[in-house]
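The report below is meant to be read beside the sequence and the coordinates. Please keep both in view while following the descriptions.

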Amino acid sequence: MGAKLEALRVLQDIELQIVDIRRQLAAKQNGAKRQAVRLKEAEEALATAREDLKHTQVELDALDVEIKGRTAHVSRLRDHLNSVKTNKEYAAVLSQLNNEKADATRLETRLFQLYETVEAKKKAVAEQQAAVEAEAARLQSLRGQLDQAQNSFKQRMELLERQRAEAAAKLPPKERELFERVSERYDGEVLARVVRTHPRRDEFMCDGCNVALAVERANALLSRDDIITCDNCGRVLYIERS
Ligand SMILES: [Zn+2]
C-alpha cells in the first residue's frame with residue numbers, strides 16, 4: 001500500500017471509531033426518545049382513567065342525593081298516611097307510597113352498581129398510576145445511561161477528533177475532499193479491498209460492492225501509488241499484494 005493510501009487508511013480507522021461512538025450514542029438517544037413517548041402515552045391513559053372515574057363519581061353523588069330526597073318523601077307520605085281521614089284518601093296515599101318505595105329500591109340497586117363501578121375504576125386508576133411510575137423510572141434510567149455514555153465517550157471523542165484532524169491534514173486537499181465525500185456516503189467506510197475472484201485468472205472485484213473491476217485498474221493499483229475509486233460504488237480501492 002502506497003503512502004497516500006496508507007494515509008487514507010489511517011484516517012479511515014479513526015473515522016470508523018468516531019462513527020461507531022456516534023452510532024452507540026444515537027441508539028441510546030433514540031431509546032430515551034421512544035421511552036419518553038411511552039411515558040406520555042401512559043400519562044394520557046391515566047388522565048383518561050381519572051376523568052372516567054370522575055364522571056362515574058358525579059353520577060353516583062347525584063343518585064345519592066336523589067335517593068335521599070325520595071327517602072324523605074317516603075317518610076313524609078308515611079306520616080301523611082297516619083293522618084288521612086277517608087279510606088279513599090288512604091288508598092291513594094298508600095299507592096303513592098308504594099310507588100315511591102319501588103322507585104327508591106330500583107335507584108338503590110343502581111347506586112349499588114355504581115359503587116362497584118367506582119371501585120373498579122379506582123383500581124384501574126391505581127394500576128395506570130403504577131404504570132406511569134414504571135415508565136418514568138425506565139425513562140430516568142435510560143437518560144442516566146445516555147448521560148453516562150456521553151461522559152465516558154467525551155474524552156475519547158475529543159482525542160479521536162484531534163487525531164482525525166491531524167490525519168486529514170496529512171492528505172492533499174483533493175484526497176481529503178474525496179475522503180469526506182465517500183465517508184459521508186458509507187458511514188466512514190471509505191476503502192474497499194480488491195479481491196481476486198479466480199485463483200488462476202486475472203479477475204478482480206471490489207469487495208465493497210461486489211462489482212467486477214477491469215484488470216488494468218487492478219494492475220495500476222499493484223504497480224503505482226494511485227488513488228483509484230470503484231466505478232460502481234465510488235470507494236477508494238486497495239489491493240493486498242500477496
Ligand atoms: Zn465498489
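What follows goes from domains to helix packing and then to the sheet.

This is a predicted model, in which local features need pLDDT of at least 70 and side-chain atom pairs count only at pLDDT 80 or more, while totals for chains, interfaces and linings use all residues. Residues are numbered from 1 along each chain as its sequence is written.

**Domains**

The domain assignment, whose bounds come from an automatic or database source, gives domain 1 as residues 3-171 and domain 2 as residues 190-239. The C-alpha centres of domain 1 and domain 2 lie 59 Å apart.

**Helix packing**

Helices (H or I, at least four residues) and strands (E, at least two) are DSSP runs, numbered from the N terminus. Axes are lines fitted to C-alpha atoms, for helices over the stretch in contact, and angles run from 0 to 180 degrees between N-to-C directions.

Helix α1 (residues 3-83) and helix α2 (residues 87-169) pack with their axes 4 Å apart and at an angle of about 165 degrees, which makes α1 roughly antiparallel to α2. Angles under 35 degrees count as roughly parallel, over 145 as roughly antiparallel, 65 to 115 as roughly perpendicular and the rest as oblique. The crossing of α1 with α2 is left-handed, a term used if the near helix is turned anticlockwise from the far one by less than a right angle, with right-handed used if it is turned clockwise. The contact of α1 with α2 comprises 45 nonpolar, 17 polar and 23 charged residues.

The axes of α1 and helix α3 (residues 173-185) come within 11 Å and cross at roughly 40 degrees, so α1 is oblique to α3. This crossing of α1 and α3 is right-handed. Lys-4, Leu-8, Leu-11 and Glu-15 of α1 make the contact with Glu-175, Phe-179 and Ser-183 of α3; by class, these are three nonpolar, one polar and three charged residues.

**The sheet**

Four strands form an open sheet in the order β3-β2-β1-β4, with mixed pairing, and two strands pair if DSSP finds at least two bridges between them. The edge strands, each pairing on one side only, are β3 (212-213) and β4 (236-239). Strand β1 covers residues 191-196, and strand β2 covers residues 204-206.

| Strand pair | Sense | Bridges | A facing pair |
|---|---|---|---|
| β2 and β3 | antiparallel | two | Met-205 and Ala-212 |
| β1 and β2 | antiparallel | three | Arg-196 and Phe-204 |
| β1 and β4 | parallel | four | Ala-192 and Leu-237 |

Note on methods. Contact = placed C-beta atoms within 7 Å. Nonpolar A, V, L, I, M, F, W, Y, C, P; charged D, E, K, R; others polar.
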